[in-house]
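Please study the sequence and the structure before reading each solution.

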Amino acid sequence: MNRKLNKIAEEIVTYQKNNDIPDTLLAYNLHFSVEELHDIKSMRRSPNKDEVNIIKQKLG
């Protein structure tokens, strides 16, 4: 089952691929739990406004 990633999930995945960063390190750098990061990447939940700001700030 393929589904298109939302913009923030796509940005996270692209950043991880380009920088070879595993979920655990990215979650640590974002001050999120790994579960929170997985939920955002898998689109099980949408990040709130503060989380989006943190993600965008850290990913550049």
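**Exercise 1.** With which residue does E51 form a salt bridge? Determine also whether E51 is buried or exposed.

*Solution.* The model is a predicted one. Step one: the partner of E51 is R45, and the closest N and O atoms of the two are 3.0 Å apart. Step two: a salt bridge requires a distance within 4 Å, so this pair qualifies. Step three: E51 has a relative accessibility of 11% and counts as buried, because buried means under 20%. R45, at 28%, is partly exposed.

**Exercise 2.** Identify the salt-bridge partner of D39 and classify both residues by accessibility.

*Solution.* Step one: D39 pairs with R44, with 2.9 Å between the closest N and O atoms. Step two: the relative accessible area of D39 is 22%, hence partly exposed. Step three: R44 reaches 63% and is exposed, since the cut-off for exposed is over 50%.

**Exercise 3.** Explain why the salt bridge between K56 and E11 ties together parts that are apart in sequence.

*Solution.* Step one: the closest N and O atoms of K56 and E11 are 3.3 Å apart. Step three: K56 is partly exposed at 37% relative accessible area, and E11 is partly exposed at 24%. Step four: K7, E11 and K56 are linked in a salt-bridge network.

**Exercise 4.** State how many salt bridges are counted.

*Solution.* The count comes to five salt bridges.

Notes:
Residues numbered from 1 in each chain as written. Predicted model: local features only at pLDDT ≥ 70, side-chain atom pairs only at ≥ 80, totals over all residues. Heavy atoms only, no water. Salt bridge = Lys/Arg side-chain N within 4 Å of Asp/Glu carboxyl O. Buried < 20%, exposed > 50% of the residue type's maximum accessible area, 1.4 Å probe, protein only.
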